[in-house]
Amino acid sequence: GDINRKNNERVVTIKANVDETKIPGPVVREEAEKMLESLALPTGYRATFTGEFESQQESQEFLSKAFLVALLLIFLILVSMFNSVSQPFIIMTSVILSLGGAFLGLAVFQSPFGIIMTGVGVISLAGVVVNNAIVLIDYTNRLRQRGFALRDAVISAGATRLRPVLLTAVTTILGLIPMITGVSFDFHKGAISWVSESSQWWQSMATVVVFGLIVATFLTLVVVPTLYYLLEQLGTFRTKTLRKVKELYWKPYPFLSGQQSQKEN
């Protein structure tokens, strides 16, 4: 007998709980929407999804913007550090490589893509995986400044920085394993809890970071030096080509290179 209104429109709210083994997003998209498509609504009536689904959509939009802003800030900082545009692009490839590992981890554990915690894990992963690429490229630049050839500098940097890169990745992975397994230690009681409620909340984020870091670490050791070598070779080829073009097309015309004034003097 009550008339409820929302935004000056009459509203009837229908509530339902989702099975614990599923998350509301896929249930709404795959099942509830199909059910409503087969339901013939009277003229002037429409159905919309609110509640937890609506909050997830808002969180997804916010985290997508946050991820893009994080990538932009990382790129700007790298450009200012290396005084180059090509090298930051090489470093940012490690972020793309890490996404493959993140989705692999979710598939291995058969964990759904939670918008909030998984999204936070992807954003934090973007800031972690670039460290290995920064270490490799920075040391390669230093070797080249000392007079090393391009190929020798790339190989020496990979061999020298292999241990620091692996140690950094291993320590981070070992620190997040308790979150994935759900093991926690109570320091007050001195007891170990094998099923922790807090670890279940953080499990998806830890899974994304761990698997993304594993895949990105090994691929970074191969992909980043390769891209660095290829781009430097391309830059050298372009410089030589421009030099040859100048020699071929500028010398026959002395007035273009300022040689005419020298002959007159």
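**A cavity and a helix crossing**

About 40 Å³ of space lies in the largest cavity of this predicted model.

User: What makes this space count toward the number of cavities, and what does the count come to?

Analyst: The rule asks for 30 Å³ or more, and the largest cavity holds about 40 Å³. The count by this rule comes to 1 cavity.

User: Which residues line the largest cavity?

Analyst: The lining consists of Leu 136, Ile 137, Thr 140, Val 154, Ala 157, Gly 158, Val 224, Pro 225 and Tyr 228. Two or more lining residues come from each of helix 4, helix 5 (150-160) and helix 7 (197-249).

User: How many residues of that lining are nonpolar, polar or charged?

Analyst: There are 7 nonpolar residues, 2 polar residues and no charged residues. Gly counts as polar and Tyr as nonpolar under the classes used.

User: Why are helix 3 and helix 4 called oblique to each other?

Analyst: The axes of helix 3 (residues 86-108) and helix 4 (residues 115-145) cross at roughly 140° and come within 8 Å. Roughly antiparallel requires an angle over 145 degrees, and roughly perpendicular one of 65 to 115. The helices are therefore oblique. Their crossing is right-handed.

User: Which residues make the contact of helix 3 with helix 4?

Analyst: On helix 3 they include Gln 87, Ile 90, Ser 94 and Leu 106; on helix 4 they include Thr 118, Val 122, Ile 137 and Asn 141.

User: How many residues of this contact are nonpolar, polar or charged?

Analyst: The contact of helix 3 with helix 4 has 14 nonpolar, 5 polar and no charged residues.

Methods. Residues are numbered from 1 along each chain as its sequence is written. This is a predicted model: local features need pLDDT of at least 70, side-chain atom pairs count only at pLDDT 80 or more; totals for chains, interfaces and linings use all residues. Side-chain values use heavy atoms; hydrogens and water are left out. Axes are lines fitted to C-alpha atoms, for helices over the stretch in contact, and angles run from 0 to 180 degrees between N-to-C directions. Helices (H or I, at least four residues) and strands (E, at least two) are DSSP runs, numbered from the N terminus. Angles under 35 degrees count as roughly parallel, over 145 as roughly antiparallel, 65 to 115 as roughly perpendicular and the rest as oblique. A crossing is left-handed if the near helix is turned anticlockwise from the far one by less than a right angle, and right-handed if clockwise. Contact means heavy atoms within 4.5 Å. On a 1 Å grid over the protein atoms alone, a cavity is a set of points where a 1.4 Å probe fits but cannot get out, and a pocket is an open set with protein on both sides within 12 Å along at least five of seven lines; lining residues have an atom within 4 Å of a point. Grid points are joined across faces, edges and corners, and a volume is the space filled by probe spheres set on the points.
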